[in-house]
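These are my notebook entries on one protein chain. I set down what I looked up, entry by entry.

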Amino acid sequence: MSDPEATGIDALPLRPELRGVEPYGAPQIDVPVRLNTNENPYPPDAAAVAELTEAVASAAGALNRYPDREAWQLRTGLADYLGHGRRPEQVWAANGSNEVMLQLLQAFGGPGRTVCSFAPTYSMYPEYARDSHTRWVAGHRAEDFTLDLEHAVRLVRSEGPSVVLLTSPNNPTGTALPLEHIEAVHDAAAGAVVVVDEAYAEFRRAGTLSALSLLEGRPRLVVTRTMSKAFALAGARLGYLSADEAVVDALRVVRLPYHLSSLTQAAACAALRHADSLLAQVDTLRAERDLTVSTLRGLGLEVAESDANFVLFGQFADRHAIWQALVDHGVLIRETGPGGWLRVTIGTAADMETFASALESVLDTTSKELTR
Ligand SMILES: *Cc1c(COP(=O)(O)O)cnc(C)c1O
């Protein structure tokens, strides 16, 4: 099993599929403008910080006790926030929607089972599949990154997954799904739990609908959300879902005991009381997103339609060279998604001006180099 000469990680009985695998992480470089991890660029305002601090301080006085393992107060607040008649029994919360998603695969995936999704999509999904020993099958998307519905329906029918992951708006493309597509995939995936990852839901454009309205009467449908993006609370690690009560009951079986600390629960409850102020910049970011799309198109680039707080643009023969040149201008974006494309997170107006002028000068020099 192990080589007697080996040292370090090679001497350990690591699962073979984990050998040589690098931990997930966007490269973090210390530059003035960081537009690479889809965070909200606006920190919580002073009133929200004060209330969060007070809530955490009060929870700290009871840290000798384990937290409420049902996170009932928080789930009640989240149900209120979601609306659509959602009840706390139909809501579940964990440390980021990443943990929610892993719990879903622990409960509904597993050895001998399949999870299907449609690429390009969130790079963490295959990792949850690996970590839960679930077979990962990625179909493709249409040229414009929408679902190729015929292909999607055919794939879920032929693969018979126990979990289907749909992402709307999708990361890294920004593409939202029409509700009819979600319904069609749900109906084709007989017996499967169909998860709609709505991490970016609050940023969607007018007229784009949330799958929350589909939950009633569909006990296999799940909608996941997070406080990491629109809520400007990435550091708090709070993700959640809404689904039928039976789905929540299944997750309560696989969750770690007391998985959600009382500090997190207190902070998230306080954040919900300040939802209006925490979400106050969402409209600014949506407007800045639309402006970024038109600026990039004005530079002659291809830009994917976006309902999120980021924009995918291209196509570059050497995207790494563009990414690096932007870093040299003090702007960090993300080299992700299909080859030839780059993703920029929407920052403040000043961030986006710096990004746009840096990109313009980078494109200027690179096209000169190409024509030289
Ligand atoms: C950022 C993101 C999440 C959020 O993850 P958290 O663990 O809640 O921070 C979930 N899904 C997608 C597609 C994302 O891009």
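How many nonpolar, polar and charged residues does the lining of the largest cavity have? I counted by class and found four nonpolar, three polar and two charged residues. I note at the start that the model is predicted.

**Entry 1: the cavity**

I looked for cavities of 30 Å³ or more, and the count came to one. The volume of the largest cavity is about 40 Å³. I listed its lining as Ser-168, Pro-169, Ala-176, Glu-198, Ala-201, Arg-204, Thr-208, Leu-209 and Ser-210. As background, I recall that empty space is shown by rolling a probe the size of a water molecule over the atoms.

**Entry 2: Ala-201**

I then took one of the lining residues, Ala-201. I placed Ala-201 in the loop between strand E6 (193-197) and strand E7 (221-226). Is Ala-201 buried or exposed? Its relative accessible area is 1%, so I record Ala-201 as buried, the cut-off for that word being under 20%. With neighbours within four places in sequence left aside, I found Ala-201 in contact with Pro-169 and Arg-225.

**Entry 3: Ala-138**

I turned to another alanine, Ala-138, which is found in strand E4 (residues 135-140). Its relative accessibility is 40%, and Ala-138 therefore counts as partly exposed; that class lies between 20% and 50%. Neighbours within four places in sequence again left aside, Ala-138 is in contact with Ser-117 and Ala-119. I noted a separation of 9.7 Å between the C-alpha atoms of Ala-138 and Leu-165, which are 27 residues apart along the chain.

**Entry 4: the two domains**

I consulted the domain assignment, which gives domain 1 (8-44 + 280-370) and domain 2 (46-277). Taken over C-alpha atoms, the centres of the two domains are 24 Å apart. I found 30 residues of domain 1 in contact with 33 residues of domain 2.

**Entry 5: the largest pocket**

Helix H3 (residues 96-108) gives the largest share, three residues.

**Entry 6: helix H8**

I checked the length of helix H8 (residues 262-273), which has 12 residues. At 1.5 Å a residue H8 should span 16 Å, and its end C-alpha atoms are 17 Å apart, which agrees. How many residues of H8 are buried? I found 10 of the 12 buried, and H8 is thus mostly covered. Among the buried residues are Ser-262, Gln-265, Cys-269 and Leu-272. I then looked up what covers the buried residues of H8, and the list includes helix H1 (46-60), helix H2 (72-82) and helix H9 (275-278).

Notes. Residues numbered from 1 in each chain as written. Predicted model: local features only at pLDDT ≥ 70, side-chain atom pairs only at ≥ 80, totals over all residues. Heavy atoms only, no water. Helix = DSSP H or I, 4+ residues; strand = E, 2+ residues; numbered from the N terminus. Expected span 1.5 Å × (residues − 1). Buried < 20%, exposed > 50% of the residue type's maximum accessible area, 1.4 Å probe, protein only. Contact = heavy atoms within 4.5 Å. Domains from an automatic or database assignment. 1 Å grid on protein atoms, 1.4 Å probe; cavity = no way out; pocket = protein on both sides within 12 Å on 5 of 7 lines; lining within 4 Å. Points joined across faces, edges and corners; volume = space filled by probe spheres on them. Nonpolar A, V, L, I, M, F, W, Y, C, P; charged D, E, K, R; others polar.
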